[in-house]
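Have the model open in your viewer and keep the sequence beside it. We'll take a few features one at a time.

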Amino acid sequence: MPSLLDDNKLIQRCLSHQPGAWNDFVDTYLNLIYRVIHHTAHLRGLTLRPEDVEDLASDVLLQVVANNYSALRQFQGRSSLATYLTVICRRSCIHLLARKFGTSAIFQSMPNSAQAMEETEEDHHDSDSLEQVHDLLTALPKNVREVVRLHYLVGLSYEEISSRMGIPVNSIGPLLSRARQKLRMKLQATEETPPTNVAS
């Protein structure tokens, strides 16, 4: 995958509408988009036809170019562009698959906790293992953990979470922000704790 410097150069080329920039973007990241589509469907036990995959990939690319590359303008470089696109692609897939197969089918076939942690590990690349991510999430209160799960794993919008859980939509952003802060603090504390020596 390209470096962050390469990412930024490619983004600037796209934003300035340089000839060939969009083709280079597609050539660089289309295979990643395909992989995320197949992985997202597989974890939910869904079989996609080739034309379904193409439709999903087209929708993701349309999201990238919409509103004069709004998605690329919002990229802040805190992760690689590949990770950023993975999140966009996964959320798009979940919404489109729900429309195609029905929301109930998507939720009934949601992955178990181990698979869910596998799916989200790419977005939490500072976690060393699936078990560590799971431990971090279980440290959150149950209702907060459910909001985090619905937003980051299921891909629901704030409005959808509000309707599903019966909580004010304007409370979700601050709640997620506090959850991220708590997870970062717990992760930092875990990394700073020296290993316990077990006497033989």
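## The buried side of H3

In helix H3, the buried residues are Asp52, Val53, Leu56, Ala57, Val60, Leu61, Val64, Tyr69, Ala71 and Leu72. "Buried" means under 20% relative accessible area, "exposed" means over 50%, and "partly exposed" is anything in between, using a 1.4 Å probe and protein chains only. An α-helix has 3.6 residues a turn, so residues three or four places apart point the same way.

H3 covers residues 50-73 and bends by about 115° at Asn67. That bend is the angle between axes fitted to the seven residues ending at a residue and the seven starting there. Helices here are DSSP runs (H or I, at least four residues), numbered from the N terminus.

## What kind of model this is

This is a predicted model, so local features need pLDDT of at least 70 and side-chain atom pairs count only at pLDDT 80 or more, while totals for chains, interfaces and linings use all residues. Residues are numbered from 1 along each chain as its sequence is written, and side-chain values use heavy atoms, leaving out hydrogens and water.

## Salt bridges

How many salt bridges does the structure hold? There are three, where a salt bridge is a side-chain nitrogen of Lys or Arg within 4 Å of a carboxyl oxygen of Asp or Glu. One of them pairs Arg13 with Asp24, at 2.8 Å from N to O. Arg13 sits in helix H1 (residues 4-15) and Asp24 in helix H2 (residues 21-43), so this pair ties together parts that are eleven residues apart in sequence. Arg13 is partly exposed at 23% relative accessibility, and Asp24 is partly exposed at 32%.

Now look at Arg49. Its side chain meets Glu51 at 3.5 Å, N to O, and also Asp52 at 3.2 Å, N to O. These salt bridges share partners, joining Arg49, Glu51 and Asp52 into one network. Is each member buried or partly exposed? Arg49 is partly exposed at 44% and Glu51 is partly exposed at 40%, whereas Asp52 is buried at 7%.

pLDDT is the predictor's confidence in each residue, from 0 to 100. Its mean over the chain is 75, with 70% of the residues reaching 70 or more. Over residues 107-131 it stays under 50, and the model has 48 contacts (heavy atoms within 4.5 Å) beyond four places in sequence for this stretch. Where pLDDT is low, the predicted coordinates should not be read in detail.

Definitions and conventions
Helices (H or I, at least four residues) and strands (E, at least two) are DSSP runs, numbered from the N terminus.
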